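Reader: I am new to this structure and would like to know how its features get their names. Could you take me through them?

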Amino acid sequence: MLTFKHLLYIASLSSALLLFAGPTTSGPEDIKLGLIQFETMTVTDMGGTHSPFVVVRVTDQSSKVQSFGLSNDAGYLGMPLPPGNYCYDAFSKTGQHLRMNREPSERCFSVKEGEFVNVGVGYRQ
């Protein structure tokens, strides 16, 4: 049985392979993508600080396909996504669901082809 750690490892390995795979010879079709930059932060009454190694789950609202990413040591995560509408939530690196600082309806965003979108992922401890 796959544990959350196994899934996280597979997702990060797959992401690395996709980024370095380069062009393929299977066909001349380009893919349509937007680039999302997630900024993961711990939020307090005094403000917020960047949080490293936060797992961000993004769900496509039409297909319900989920994508996962892990923020780097500076609290940033880049994720290419096809055009569509998405919602996110976040987990600790051990798989514990984080207490988000926004309601679920406020954690959704749209992606358009060629667009660069910044998304803040804030949570309270």
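**Strands, core and rings**

Author: Gladly. Let's start with a pairing: strand β3 (residues 55-60) and strand β4 (residues 66-70) run antiparallel to each other and share 5 bridges. This is a predicted model, in which local features need pLDDT of at least 70 and side-chain atom pairs count only at pLDDT 80 or more, while totals for chains, interfaces and linings use all residues. Residues are numbered from 1 along each chain as its sequence is written, and side-chain values use heavy atoms, with hydrogens and water left out.

Reader: What makes β3 and β4 a pair?

Author: Two strands pair if DSSP finds at least two bridges between them. Strands themselves are DSSP runs of E with at least two residues, numbered from the N terminus. With 5 bridges, β3 and β4 pair. In this pairing, R57 stands opposite F68 of β4.

Reader: Which strand do 6 bridges join to β3?

Author: That is β6, and the two run antiparallel. Here V58 has Y88 of β6 opposite.

Reader: What makes you call β3 mostly covered?

Author: Buried means under 20% relative accessible area, exposed over 50%, and partly exposed in between (1.4 Å probe, protein chains only). In β3, 5 of the 6 residues are buried.

Reader: Which residues touch the most other members of the largest nonpolar core?

Author: They are F38, V58 and F109, in a core of 19 residues. Each of β1 (34-44), β3, β5 (76-81), β6 (84-91), β8 (108-111) and β9 (116-124) supplies at least two residues of this core. The largest share, 4 residues, comes from β9. A nonpolar core is a set of buried Ala, Val, Leu, Ile, Met, Phe, Trp, Tyr and Cys residues joined through side-chain atoms within 4.5 Å.

Reader: Why is F38 called buried?

Author: Its relative accessible area is 0%, so F38 counts as buried. Leaving aside neighbours within four places in sequence, the contacts of F38 (heavy atoms within 4.5 Å) include V56, V58, L77, F109 and V121.

Reader: How many aromatic pairs are there?

Author: The count comes to 3. One of them joins F38 and F109, at 5.9 Å centre to centre and 75 degrees between the planes, which is edge-to-face. The rule is that rings of Phe, Tyr and Trp (its six-membered ring) pair if their centres lie within 6.5 Å; planes under 30 degrees apart count as stacked, over 60 as edge-to-face and the rest as tilted.

Reader: Why is it said that the pair of F38 and F109 ties parts together?

Author: F38 lies in β1 and F109 in β8, so the pair ties together parts 71 residues apart in sequence. F109 has a relative accessible area of 10%, so this residue is buried.

Reader: Why is the pair of Y86 and F109 called stacked?

Author: Their ring centres are 5.9 Å apart and their planes at 20 degrees, so the pair is stacked. Y86 sits in β6 and F109 in β8, 23 residues apart. One aromatic cluster is formed by F38, Y86, Y88 and F109.

Reader: Are C87 and C108 buried or partly exposed?

Author: C87 is at 15% relative accessible area, so it is buried. C108 is at 38%, so it is partly exposed.

Reader: What is the phi of F53?

Author: Phi is positive, about 60 degrees, although F53 is not a glycine. F53 lies in the loop between β2 (47-50) and β3. Its relative accessibility is 37%, so F53 counts as partly exposed.

Reader: Where is K64 found?

Author: K64 is in the loop between β3 and β4. That hairpin has 5 residues between its strands, and K64 takes a positive phi near 65 degrees there.
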